[in-house]
Amino acid sequence: MRILCLHGSGTNSSVRAMRHELGEGYENEFVEATITAPMATGVEALSSPVHYAFFDPDDLPHTLRQAIDQLDNYVSLEGPFDGILGFSAGSVLAAAYMLHKRQLSDQMPFKCAVFLSSAESGEEFKSLGLHNTKKLIRVPTAHIWGLHDDRAPTGGEALSRMCDLTNCLILVHNGGHELPRGSYLTEAVHIIERVGRLSRLSLQTDAHGGSSPINPH
């Protein structure tokens with residue numbers, strides 16, 4: 001599967017979430033944001049000296065609309081991609097892009113999505129008029145966040161409510177605003193792999209004219 005990956009604010013594409021954990025069968029393509037941003041806490045030893053953000057929370061909706069347009073252009077030129085993976089603000093951009101495309105054409109640009117430690121998205125979605133949308137992200141999704149996330153305590157749960165719950169897998173680990181560790185990391189990999197399998201099953205169902213929702217449990 002070919003996966004488009006979006007980093008969080010204050011990092012860059014050298015911080016590559018899950019790049020080693022997902023094995024053969026996954027081709028991850030990491031995209032770098034364009035707005036210079038202060039370095040995020042905890043990435044001092046992981047990334048290059050210059051850090052970026054896809055959008056500026058203090059300049060909504062302008063920078064978020066610009067990021068959506070840039071992402072759409074990238075997908076058009078470099079795609080297709082089977083799925084999208086976002087970390088923190090990258091998750092917010094991924095979800096906003098998918099909801100935006102759903103409003104325009106009722107089509108999803110990816111077959112599945114993975115949201116890791118999503119940042120808070122309320123103001124971002126509100127700025128785009130997406131906060132009350134009835135058109136959910138309907139492809140299989142994985143939502144992974146930390147029980148002790150003090151940077152975005154409701155980000156992961158809030159974003160999961162923007163997705164079709166019949167296709168939604170959730171893992172809450174014992175960490176903070178970070179990737180899961182230890183046995184939780186193994187479980188996260190299994191959930192992501194399962195979402196990939198669900199996306200392929202969904203395509204097979206659609207191809208045969210089926211309309212029953214997928215039960216992820």
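Predicted model: local features only at pLDDT ≥ 70, side-chain atom pairs only at ≥ 80, totals over all residues.
H1 spans residues 62–78 and packs on a sheet of six strands, which is open and parallel.

**Helix H1**

- H1 is 17 residues long, and the distance from its first C-alpha to its last is 24 Å, close to the 24 Å expected at 1.5 Å a residue.
- The buried residues of H1 are Thr63, Leu64, Ala67, Ile68, Leu71 and Val75.
- Viewed down the helix axis, the buried residues of H1 fall within an arc of 140 degrees, so they line one face of the helix.
- An α-helix has 3.6 residues a turn, so residues three or four places apart point the same way.
- Asp69, Ser76 and Leu77 are exposed, on the face of H1 turned away from its buried side.

**The sheet**

- The strand order is E2-E1-E5-E6-E7-E8.
- Strand E2 (27–31) and strand E8 (168–173) are the edge strands, each pairing on one side only.
- On average, neighbouring strands of this sheet are turned by 15 degrees against each other, direction ignored.
- Strands E5 (residues 83–87) and E6 (residues 112–116) run parallel and are joined by five bridges.
- In this pair, Phe87 stands opposite Leu116 of E6.

**Helices against strands**

- H1 touches strand E1 (2–6), E2 and E5, and its direction makes about 155 degrees with that of E1.
- Helix H2 (residues 89–105) lies across E1, E5 and E6, and runs at about 140 degrees to E5.

Notes. Residues numbered from 1 in each chain as written. Heavy atoms only, no water. Pairing = 2+ DSSP bridges. Helix = DSSP H or I, 4+ residues; strand = E, 2+ residues; numbered from the N terminus. Axes fitted to C-alpha atoms, helices over the stretch in contact; angles between N-to-C directions. Contact = heavy atoms within 4.5 Å. Expected span 1.5 Å × (residues − 1). Buried < 20%, exposed > 50% of the residue type's maximum accessible area, 1.4 Å probe, protein only. Arc of directions from axis to C-beta.
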